[in-house]
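Subject: Structure handover

Hello,

Here is the structure I promised to pass on. Please have it open while you read my notes below.

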Amino acid sequence: MGVRVEEKKLMNNGVTHSGSRFFWQQAQLIDRRTSERYARVLLRGPELPSDVAVGQFVLVRYSDDPCLPRAFSVMSSSDLGLELFVKTAGRVREKFRTAPMGTVFEVRGPYGTPYADKISLDRKYILVGGGSGAAPLLHFRRQYPNHVAGEVYGFRTEDACGLLNEIELTVESTTGLRAHEQLRSIWRPGLGILACGPEPMLRLLAQEYRQQPDVYVSLEARIGCGVGTCLGCSIHTSTGMQRICKEGPLFALEELPWLI
Amino acid sequence: MADLVLKRLDAQFASPIILASGPAGFGVELAPALDLPRIGAITTKTITIEPRTGNDQPRLVDCPSGALNSIGLENPGIDAFARLAHSQMRELPLRRILSLAATSPGEMETLAVKAAKLSGFDAIELNLSCPNIGGKITGADASAVREYVRAAVGVTSIPVLVKLPGDTGNLLNSSESALSVGAAGLTLINSVRGLRIDWTTGRPFLSRTYGGLSGPAILPVSLARVFEARSAFPEAVIIGTGGVSDLGSAIEMLMAGADFIGIGFGLMVDPELPQKLAVELDKWLDEREMVSVQEIIGLAHSGGFDVH
């Protein structure tokens, strides 16, 4: 797992824990490209994790804002920094668009179970993203190029095209197609699906591929603690309650009978 | 170093900082982040007699200076807790408070009987004020409070605390009822019933429409409740919970009369907050040449500091 290892000594009994993911780390905004609705940002800090696993997310807050931090899937993670692709609506997200370069944000994480721990890597997948749900899938295609059989990234408008040069977008306003419709033309039996996007998109996808094996969806919720204790992100699954921040965010479609 | 230790409820607590019921879970997952010996106690997530899956998503929504939550007491039930989480929790080097909720005094008695068999708890906290489970809020009804407390006190020798609502019912009447039948103290307050609407869809954000507001937004409410309860009940142990997010608000809570400060929302935002508060409080007392935190508890009731 891509959990950064920074040993922290606790005072209680001298036991050493790898607890760095619980603590806020400072990160500077060092690069940004924006469109009307989206921003692609790079955050860098000496204590930021550089090996976040595909599918994991971080919590970000601006200054000491007395509100809940915001969860973002990581689009790339390296010595260069953490790259995020976000919709610029909302308190923290709007800051990504407006804050001057060099602005310090605070980041903690990574959280969540890596995709690779939940899917079988003996088959290929079609990646289906909707809006900012493209972020973890871009991470996946970079890390596991041999497991990608096709890609569909749905956007309502051309707005994000300039930000995601590395992929081809399915733009509804020009093609009249939505992601799940485009998917029909490339999916074939034997291929798995990895999807991340708004719930209506996931529902449409679930309706068509419910009977297929190896269909996974990455879910979103407002995250409270990020570490599995507050249960703000618990969801019903076929095996009982599970937490998006801990057992998720990726779930097999068959675990989510309510998603139809 | 000033003395943060408090002797209350027949025990010695390392500091007045307590992890409130909820965000800390059972403490096990957060343990690596916490400087446990600096923390007075952890309160468990509320346990019920049967497992509860809680409310549907969405359960959380942002608010200015806080959040609305509607978890709905998701928990594994007392038997599974005893089997699965209790032994791990007992290993944690800090004091523990067991939070319980029931739907009737009879059920509370059954639950308390089971709870009394679990070792390692220094107090039981009766959650009579969850705003997210529907029905009437027990803590708003003084005579119901009396029945629930009596049911628990009668079957356990562990001190019983009562968590009451800050926004409904008559707090002093409910507190009086609880204390008159043997409650050792009060936890004030639970989250405050609130609502947010997604103005882009015209629908409430939360699946159950209403939620409980916590965070700095409710600090003045919790301070007022603690202050009036301390005035009325000088001997009761009080855990002041609601909106403490920094040193200043922690000191305010103590000055209002709380023996302990419960940290809930603040822990979600920053898992390091409890130990930061303990360290900063210690330093603040030192700078003012005070030897014990005891010196500021209830200070606002006695005219504040002497100014020469």
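First, a definition: rings of Phe, Tyr and Trp (its six-membered ring) pair if their centres lie within 6.5 Å. Planes under 30 degrees apart count as stacked, over 60 as edge-to-face, and the rest as tilted. Please keep in mind that this is a predicted model.

Aromatic pairs

Searching the whole structure over all chains gives 15 aromatic pairs. One of them joins Phe57(A) and Tyr111(A): the ring centres are 5.9 Å apart and the planes stand at 50°, so this pair is tilted. Phe57(A) belongs to strand β5 (residues 57–62) of chain A and Tyr111(A) to strand β9 (residues 104–111) of chain A, so the pair ties together parts 54 residues apart in sequence. Phe57(A) has 5% relative accessibility and counts as buried. Tyr111(A), at 1%, counts as buried too.

Next come Phe85(A) and Phe155(A). Their ring centres are 6.3 Å apart with planes at 70°, so the pair is edge-to-face. This pair also links distant parts of the chain: Phe85(A) sits in strand β8 (residues 81–87) of chain A and Phe155(A) in strand β11 (residues 148–155) of chain A, 70 residues apart. Both Phe85(A) and Phe155(A) are buried.

Ring pairs connect Tyr62(A), Phe72(A), Phe96(A) and Phe105(A).

Charges over rings

In chain A, Lys118(A) lies over the face of Phe251(A), 4.6 Å from the ring centre. In chain B, Arg193(B) lies over the face of Tyr210(B), at 3.7 Å from the ring centre.

Arg61(A)

Look at strand β5 of chain A again, which holds Arg61(A). Is Arg61(A) buried or exposed? At 10% relative accessibility, Arg61(A) counts as buried. Its side chain makes a polar contact of 2.8 Å with the side chain of Glu106(A). Leaving aside residues up to four places away in sequence, Arg61(A) touches residues of chain A including Trp24(A), Pro69(A) and Phe105(A). Arg61(A) also touches Val269(B) and Asp270(B).

Helix α8 of chain B

This helix covers residues 273–287, 15 residues in total. From first C-alpha to last it reaches 21 Å, close to the 21 Å expected at 1.5 Å a residue. Buried residues of α8(B) include Leu273(B), Leu277(B), Leu281(B), Trp284(B) and Leu285(B). Among the elements covering the buried residues of α8(B) are β3 (17–19), α6 (247–256), β16 (260–263) and α7 (265–269) of chain B. After α8(B) comes Glu289(B), with a positive phi near 55°.

Best wishes

How values were computed. Residues are numbered from 1 along each chain as its sequence is written. Chains are lettered from A and ligands numbered from 1 in the order in which they are written. This is a predicted model: local features need pLDDT of at least 70, side-chain atom pairs count only at pLDDT 80 or more; totals for chains, interfaces and linings use all residues. Side-chain values use heavy atoms; hydrogens and water are left out. Helices (H or I, at least four residues) and strands (E, at least two) are DSSP runs, numbered from the N terminus. Buried means under 20% relative accessible area, exposed over 50%, partly exposed in between (1.4 Å probe, protein chains only). A charge sits over a ring if NZ of Lys or CZ of Arg is within 6 Å of the ring centre and within 35 degrees of the ring normal. A polar contact is a pair of N or O atoms within 3.5 Å; within protein, one must be able to donate a hydrogen and the other to accept it, and residues adjacent in sequence count only if both atoms are side-chain atoms. Contact means heavy atoms within 4.5 Å. The expected span of a helix is 1.5 Å times one less than its number of residues.
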